[in-house]
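Here is a quick tour for anyone opening this structure for the first time. Take a look at the sequence and the model, then read on.

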Amino acid sequence: QMVLSEKVNQLMEWASKRSVIRMNGDKFRRLVKAPPRNYSVIVMFTALQPHRQCVVCKQADEEYQILANSWRYSSAFTNKIFFAMVDFDEGSDVFQMLNMNSAPTFINFPAKGKPKRGDTYELQVRGFAAEQLARWVADRTDVNIRVIRPPNYAGPLMLGLLLAVIGGLVYLRGSNLDFLYNKTGWAFAALCFVLAMTSGQMWNHIRGPPYAHKNPHTGQVNYIHGSSQAQFVAETHIVLLFNGGVTLGMVLLHEAATSDMDVGKRKIMCIAGIGLVVVFFSWLLSVFRSKYHGYPYRYVF
């Protein structure tokens, strides 16, 4: 067996070259499983090869790299904790050793003893954003990592483009700015914002959940999370569509009751509005029932 100082020196050498140390079965057994060890190792078990088609693995890997780089290049960096990765195609024996059948999975191997229940990261609940991983690492190792993300210029560019478009419209229509007082336009923009927020887009931005979940045994893809404490990105898109359908139905009902159109068109509009509200609200309630198990009410189907 390698003595402790040799193990630490080896890990420090690898960490100086790459923030996330790639491990196969032999490296994992020698440096993570085998004593002695006075350091913690955060290990991401993943499947990044293209033929595995694990989209979530690639997304989680990007956040994991950000976390590891934030620790590696911080002034507080020590040999108290290391970040490692075991890819299924490079360490399938490790997956078998740990009876692991899903990826990505994050496990903290503490400096003393074996991993406990809390040392396995709850990916479906917390998401894989680097900030959430950092909080979990702090809970398990008492090492606080300040996440530093690389600069992202997409936001400023989009804001600049929007301001340029608005400035161009004002310049071209300087003599006629009535479009700025268009109530329908402002109402539509406000409605889009409200639907996006009530569907959970801000939660996605903060938590960084996966788009969907594919069962590794059956291959079935779930777009709706089965718990009320979490959600998938696809789920927010579905809820956004359902909320939009209900809203459109209510707008049609209002127009049918207040417009000056002939009676025949108003009847058609009224029937269409009722149909949209009934169908989409029923689907919305079905999603709610699937997440809040035991909810006793339903509507149509």
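**A quick briefing**

The disulfide between C54 and C57 is right-handed, because the torsion about its S-S bond is about 70 degrees. Keep in mind that this is a predicted model.

**Cysteines**

- The count of disulfides comes to one, and in the C54–C57 pair the sulfur atoms sit 2.1 Å apart.
- C54 counts as buried, with a relative accessibility of 15%, and C57 counts as buried too, at 0%.
- Elsewhere in the chain, C192 is partly exposed, with a relative accessible area of 36%.
- C270 is also partly exposed, its relative accessible area being 28%.

- T46 belongs to strand β2, which covers residues 40-46, and it counts as buried at 0% relative accessibility.
- Setting aside neighbours within four places in sequence, T46 touches C57, M85, V86, D87, F88, F95 and A103.
- S282 is part of helix α11, residues 263-291, and its relative accessible area of 0% makes it buried.
- Again leaving out neighbours within four places in sequence, the contacts of S282 are V277, Y299, V300 and F301.

**The cavity**

- Searching the whole structure turns up one cavity of 30 Å³ or more; the largest cavity holds about 40 Å³ of space.
- Its lining is made up of A15, S19, A68, W71, R72, F77, I81, F82 and F83. The elements that supply two or more of these residues are α3 (55-72) and β3 (81-87).
- Sorted by class, that lining has seven nonpolar residues, one polar and one charged.

**The second largest pocket**

- This pocket has about 320 Å³ of space. It is lined by 17 residues, and the closest to its centre are Q231, E235, V239, K291 and Y292.
- Two or more lining residues come from each of α9 (201-207), α10 (233-258) and α11, and α11 gives the most, with four.
- The lining splits into seven nonpolar, seven polar and three charged residues.

**Salt bridges**

- Side chains of opposite charge can pair when their charged atoms come close. In this structure there are nine salt bridges.
- One of them joins R29 and D93, at 3.1 Å from N to O. R29 is in helix α2 (residues 25-33) and D93 in helix α4 (residues 92-97), so the pair ties together parts 64 residues apart in sequence. R29 is partly exposed at 36%, and D93 is partly exposed at 29%.
- R52 pairs with D89, with their closest N and O atoms 2.9 Å apart. R52 lies in the loop between β2 and α3, and D89 in the loop between β3 and α4, so this bridge ties together parts 37 residues apart in sequence. R52 is partly exposed at 37% relative accessibility, as is D89 at 34%.
- R140 and D119 form another bridge, their closest N and O atoms being 3.0 Å apart. R140 is partly exposed, with a relative accessible area of 34%, whereas D119 counts as buried at 3%.
- E63, E131 and R149 are linked in a network of salt bridges.

Conventions:
Residues numbered from 1 in each chain as written. Predicted model: local features only at pLDDT ≥ 70, side-chain atom pairs only at ≥ 80, totals over all residues. Heavy atoms only, no water. 1 Å grid on protein atoms, 1.4 Å probe; cavity = no way out; pocket = protein on both sides within 12 Å on 5 of 7 lines; lining within 4 Å. Points joined across faces, edges and corners; volume = space filled by probe spheres on them. Nonpolar A, V, L, I, M, F, W, Y, C, P; charged D, E, K, R; others polar. Buried < 20%, exposed > 50% of the residue type's maximum accessible area, 1.4 Å probe, protein only. Contact = heavy atoms within 4.5 Å. Disulfide = S-S within 2.5 Å. Salt bridge = Lys/Arg side-chain N within 4 Å of Asp/Glu carboxyl O.
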